Protein chains: 2
Amino acid sequence: MELPELLVIHPPPVFIIHQQQFSQKFKLLKAYESPLSTELFLQAHAQSTKALICYGKSPILRHLPSLGLVVTASTGFNHINLPECRRRSIAVANTADVFSEDTADIGVGLLIDVLRKISSGDRFVRSGIWPKNVQYPLGSKLGGKHVGIVGLGNIGLKVATRLEAFGCTISYNSRQKKPVPYDFYPNVCELAFNCNILVICCTLTIETRHMIDKDVLKALGKDGILINIARGPIVDEKELVKLLVEGEIAGAGLDVFENEPKVPQELIALDNVVLTPHRAAFTEEAFRDAFQLVLANLEAFFSNKPLISPVIDE
Amino acid sequence: MELPELLVIHPPPVFIIHQQQFSQKFKLLKAYESPLSTELFLQAHAQSTKALICYGKSPILRHLPSLGLVVTASTGFNHINLPECRRRSIAVANTADVFSEDTADIGVGLLIDVLRKISSGDRFVRSGIWPKNVQYPLGSKLGGKHVGIVGLGNIGLKVATRLEAFGCTISYNSRQKKPVPYDFYPNVCELAFNCNILVICCTLTIETRHMIDKDVLKALGKDGILINIARGPIVDEKELVKLLVEGEIAGAGLDVFENEPKVPQELIALDNVVLTPHRAAFTEEAFRDAFQLVLANLEAFFSNKPLISPVIDE
């Protein structure tokens, strides 16, 4: 029996790690290993390709007339042209919430790190200046802080329940009010004004691009801390950097950046920011779960069964 | 009216920050600013000194025949000779649990950091190698981990409730079984064997010195992580370093060290450890609370009222 074909234009990290298992189930069409240009490679497989796996980068759909499924090895799907998929009846599957606990954990970890100066304390110890009796600044207590969650979906809710255990007060901004015991702010600027900390957990859409702008950051204020575990472009990075450099905002914990993997040099010079390389979802456990879910969606598609975690275009 | 005298041999951090307020309430006898040797300074004030404030270093009690109170600006009191205080009816006060929430927070922060490679990710970003497409190792998920708390006092309990919110399973070792819904292990080696992570939260005593030895660390195992937010000498640091270097234990988050502020050079060379300069209690909020408690104990003593937070010698 012939294996079904699976197109991989750029390999997602989950694919790289579980490549062996994928190759046992599918005939892999690896555009990235071909001597052909991506365009010529797609043309060569245009008629037969029914499914592709992607991640981060937009898959080119126009060269693939037989395509029936796009699986993204991620929760976010802002890189996929959903209107075109809908128009052409291409199904889309994501990895549902397999990464949401790990992403929430990184959010809390970055927040504790910024408030309590863990990474900067680690730099201090490693630099060997501790024995020199240098004054080291005090941190700030997590308990009692007012935390504003921007986007109270799977991840936002998990950040909220975790921070409640530390004694934080939670408020949120979201498209709609939700049945939760937290204060709802329909205006993100007002949320920022009433909070010490903002944790960005929303998806990137046309509406949320640069939603965290100068006004929101100014409303957060001089003692305010911004945590971004969502997508870089939700924050106006240029303004964030400017306000951090000027001391108009107290600190930031950033797992995502506007032009990844480029990180503004000004941020690297600051001690009150913690910068991680978009690794919120990168655990062995989440990758194993994501692999299983990607596989289950592909198998469902090729046996004409309903997808396990379809993306519903709203 | 004359202010009561307060002896300060070495200034505690809480004292340094709130010195102004202390000087309004007390005539400060600062041994550390005197041109006299500590011994001569103490002799000069021997008859009048009724109260001293200390932190970390053992106060010399034998030169102070009139002493009635030792206040330590810390929760730990292993530096105070309690039997001698008892024999001479010198009252001892500590800062009770004003630091315990912050200490628990650092414990959780160090654990997330080690598991999810936050500090090492920050180093990775700051070093500028992210754009070079270097493979970055996966982290490990906090949820589902079995965490063993060594010492289920104020701090240990707060670590436990925080980690429950992340989906961890909690067990503990303590002198006695406690009325908590966690598995109790009377033997710390057995606890280590049954856990992925050990968080050291106990006080340093003759019994707990080097309690976390080679056997315990070997029982914790190759995938095991050690977090120490208690006192350095509870861990046999030489063995810990050896096992970390040999890969016989997966990682460590250490806020305390056996010979602070000296940190073994081998640790500084490792990427799977997070090292903070004994700052678990160092927040503005906790320092303010500690100052108020130190002051309240001193005022109670000088007005012959019961101490607010006396240390009871067991």
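The copies meet through the same surface, because 100% of the interface residues of chain A are also interface residues in chain B. This is a predicted model. Chain A can be laid on chain B by a turn of 180 degrees and a shift of 0.0 Å along the axis, with an RMSD of 0.0 Å. The two copies are thus related as by a two-fold rotation axis. Which residue of chain A comes closest to the rotation axis? A:Ser119 does, with its C-alpha at 2.5 Å.

**Domains**

Chain A is divided into two domains. Domain 1 takes in 5-94 and 284-303. Domain 2 covers 100-275. The C-alpha centres of domain 1 and domain 2 of chain A lie 33 Å apart.

**Salt bridges**

How many salt bridges does a search of the whole structure find? Over all chains there are 28.

| Lys | Glu | N to O distance |
|---|---|---|
| B:Lys141 | A:Glu101 | 3.1 Å |
| B:Lys145 | A:Glu285 | 3.2 Å |
| B:Lys25 | B:Glu299 | 3.3 Å |

Take the salt bridge of B:Lys141 and A:Glu101. B:Lys141 lies in the loop between α6 (118-126) and β6 (146-150) of chain B, and A:Glu101 in helix α5 (residues 100-116) of chain A, so the pair joins two chains. B:Lys141 is buried, at a relative accessible area of 10%. A:Glu101 is partly exposed, at 30%.

Next come B:Lys145 and A:Glu285, whose side chains also meet in a salt bridge. B:Lys145 is in the loop between α6 and β6 of chain B, while A:Glu285 belongs to helix α12 (residues 284-302) of chain A, so this pair too joins two chains.

B:Lys25 counts as partly exposed, at 38% relative accessibility. B:Glu299 is likewise partly exposed, at 35%.

Salt bridges also form a network. It links A:Asp122, A:Arg126, B:Arg123 and B:Asp271.

**Nonpolar core**

The largest nonpolar core has 61 residues. Which of them touch the most other members? They are A:Leu163, B:Ile149 and B:Leu163. What is B:Ile149 in contact with, leaving aside neighbours within four places in sequence? The list holds B:Gly156, B:Val159, B:Ala160, B:Ile170, B:Ser171, B:Tyr172, B:Asn173, B:Leu191, B:Val199 and B:Cys201.

**Helix α10 of chain A**

This helix spans residues 237-245. Its buried residues are A:Glu237, A:Glu239, A:Leu240, A:Val241, A:Leu243 and A:Leu244. What covers them? The cover includes two helices of chain A, α9 (214-220) and α11 (265-268). It also includes the strands β10 (225-228), β11 (251-254) and β12 (273-275) of chain A. After α10 of chain A comes A:Gly247, whose phi is positive, near 75 degrees.

Technical notes. Residues numbered from 1 in each chain as written. Chains lettered and ligands numbered in written order. Predicted model: local features only at pLDDT ≥ 70, side-chain atom pairs only at ≥ 80, totals over all residues. Heavy atoms only, no water. Core = buried A, V, L, I, M, F, W, Y, C linked by side-chain atoms within 4.5 Å. Buried < 20%, exposed > 50% of the residue type's maximum accessible area, 1.4 Å probe, protein only. Contact = heavy atoms within 4.5 Å. Salt bridge = Lys/Arg side-chain N within 4 Å of Asp/Glu carboxyl O. Helix = DSSP H or I, 4+ residues; strand = E, 2+ residues; numbered from the N terminus. Domains from an automatic or database assignment. Least-squares fit on C-alpha atoms with pLDDT ≥ 70 in both.
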